[in-house]
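Please walk through the model below, one region at a time.

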Amino acid sequence: MTVATPYASEFIDQAVRRPQEQLRSSTLGHQESLEELGEVWDECRHANWDGYNALPVAQETLCGTYQLIASLPLGFPRPSISAEPDGQLTLEWRKSPGRVLSVSVAPDGLLHYAGLFGPNKRYGTLVFFRPFREN
Amino acid sequence: MLNPAQIPPVEPAELLARFVLYSRHFRISDNSVKPEAFMPHPSVMLSLTRHREASVEGIWREGDRVAAIRRATLYGRADVLVTAFLDEGLHVESKPIPENPNHAGASNWPADKPSQKIKALQIASKAKYVPRQN
């Protein structure tokens, strides 16, 4: 049985683990989603963007959605991005009419989700991040 | 359209139309409607138009009118039965206005966001998207 020496551990940490973590947090793999996010933000940052008096999407919501997309693992299926009348942004993953997950990003750092998984449905709220505050 | 002097109550088997005025509220890939199109607005009542006694042209004229006064683009409409709303515990009532005797509203939405989302998801899954042909 071999035991990794401190030198080998450090080597593994620098050569493998840190680059992997950097790659995982890199936004390069999510460029298309981030570009779509920018388009949605541009379309929905003014009131009544949906023609039904929708609230504008706040900058905090934009930043939170950016963080959420950037946190997705590389290779994760690309979501479809949209917005809701209360000003929250949505990420949707859909395989079929009965298999869909929708996540709303709120400006206060909460994620509200709802999903249909065949005969099952799930919905709830998660705390994802601290609200973005401009310095 | 319905006779403004004799508006019947909404029945479960009726078909309703939700006009889609935002391009990302429907999916081009398979011509389906997204749940965002059915999320209640800050006013809490979801605006709908009854198909009852309305021609296809009449429904589209109403959609064009709604889009025009809101300075928006009418991309299409989502057709869905009243039962889709009733199955989610929502109320659908006739809310006629001078310009549209077929106007209706879906109310009794829950206050919490996830509950709203799951209801909108269910309704959207039962809706049929009809694109506006120009």
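B:R61 sits in helix α1 of chain B, which runs over residues 56-69. The model is a predicted one. Around B:R61 there are 14 other C-beta atoms within 10 Å; a residue counts as buried at 20 or more such atoms and as exposed at 12 or fewer, so B:R61 is partly exposed. In sequence, B:R61 and B:I97 are 36 residues apart, and their C-alpha atoms are separated by 15 Å in space.

In chain A, helix α2 covers residues 31-44.

Four residues of α2(A) are named as buried: A:S33, A:L37, A:V40 and A:C44. Viewed down the helix axis, these buried residues fall within an arc of 65 degrees, and therefore they line one face of α2(A). They pack against α3 (59-71), β1 and β2 of chain A. The face turned away from this buried side carries exposed residues, namely A:Q31, A:E32, A:E35, A:E39 and A:D42.

The last topic is the contact between the chains. Chain A contributes 28 residues to the contact and chain B contributes 22 residues. On the side of chain A that touches chain B, the elements giving two or more residues are the strands β1 (80-83), β2 (89-96), β3 (99-105), β4 (110-117) and β5 (120-127). By residue class, this side of chain A divides into 13 nonpolar, ten polar and five charged residues.

Terms used:
Residues are numbered from 1 along each chain as its sequence is written. Chains are lettered from A and ligands numbered from 1 in the order in which they are written. This is a predicted model: local features need pLDDT of at least 70, side-chain atom pairs count only at pLDDT 80 or more; totals for chains, interfaces and linings use all residues. Two residues are in contact if their C-beta atoms, placed from the backbone, lie within 7 Å. Ala, Val, Leu, Ile, Met, Phe, Trp, Tyr, Cys and Pro count as nonpolar, Asp, Glu, Lys and Arg as charged, and the others, Gly among them, as polar. The expected span of a helix is 1.5 Å times one less than its number of residues. The arc is that of the directions from the helix axis to the C-beta atoms.
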